[in-house]
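Thanks for coming. Please have a look at the sequence and the structure on the screen before I start.

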Amino acid sequence: MPKEMSPLLKSLEDFRVRLIKETGYSSEDLSYVPEINFRNKQSEPLEIDGFPAFRFSYPGTLPLYDAYDKEFQGLIRRMYLEATFNQYDFKAIEISYKRAVMVIEHHFKDASIRDLDNRNRKYLIDAVRATGLIPDDNAQVLTLFEEAYLTKRDPYIDVFVLERENLINFLEWRSKKRNDVDDEIIFSDVDINSIKEIEERENKTNVVACDSNPYWD
């Protein structure tokens, strides 16, 4: 290979990796393998009045749209992917919803006015889609239902995914359990710092691999 081609190929590969990180979602996400293995993964969904529903819980609040630079947004996207895949053992689950509803519950500590439409729910939608529970996130497949509540604990997000035709029954069930809304929450051991550590290890590995690969010579 001509020597002058080596810098060009390196630049193209760097651009490809950066593009994947910045978009935060690609076809490879559909077969995502988490780097962090949470010890308490659930092997089956909730059973509510005879129908299955998946519950995903995340500490904190959803980031605002365009609140961070592209690199940090990539970290956030990966954090939600890791957290989502660590709450269930999807290898043991064969459920897929053709027409689903995603119920997003924001739990805040105070009653200040909050505009939910400023919160970037795309992180949640992409992560759930990557699990295979929904084949797509277009309007024919997925409906969004969003609410906000007060909590006595630190802020968090609850996400329920179920068949759309069961939404009314789910809301009735949920209203009965409203006083117990903060109970039975399981967070995976994932935060932004753990994702930074993963990417730093990967970057070091990639640098070593490129330096030792005669393809670039």
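I will go through the aromatic pairs, and then the contacts of one aspartate.

Please keep in mind that this is a predicted model. How many aromatic pairs are in the whole structure? A search finds ten.

The pair I want to show is Phe160 with Phe170. Their ring centres are 5.0 Å apart, and the planes make an angle of 55°. That makes the pair tilted, because only planes over 60 degrees apart count as edge-to-face and only those under 30 as stacked.

Where do these two residues sit? Phe160 is in strand β5, which covers residues 156–163, and Phe170 is in helix α4, residues 167–176, so the pair ties together parts that are ten residues apart in sequence. Are the two rings' residues buried or exposed? Phe160 has a relative accessible area of 0% and is buried. Phe170 is buried too, with a relative accessible area of 0%.

Ring pairs also build a cluster, and its members are Phe54, Phe56, Phe85, Tyr88, Phe90 and Tyr97.

One ring has a charged neighbour: Arg153 lies over the face of Tyr156, 5.5 Å from the ring centre.

Now back to strand β5, where Asp158 is found. Asp158 is buried, and its relative accessible area is 0%. Which side chains does Asp158 contact? One is Arg55, through a polar contact of 2.7 Å between the side chains. Another is Arg174, where the side-chain polar contact is 3.5 Å.

To recap strand β5: it holds Phe160, which pairs with a residue of helix α4, and it holds Asp158. That is what I wanted to show.

Note on methods:
Residues numbered from 1 in each chain as written. Predicted model: local features only at pLDDT ≥ 70, side-chain atom pairs only at ≥ 80, totals over all residues. Heavy atoms only, no water. Phe/Tyr/Trp six-rings, centres within 6.5 Å; stacked < 30°, edge-to-face > 60°. Helix = DSSP H or I, 4+ residues; strand = E, 2+ residues; numbered from the N terminus. Buried < 20%, exposed > 50% of the residue type's maximum accessible area, 1.4 Å probe, protein only. Lys NZ or Arg CZ within 6 Å of the ring centre and 35° of its normal. Polar contact = N/O pair within 3.5 Å; in protein donor to acceptor, adjacent residues only side chain to side chain.
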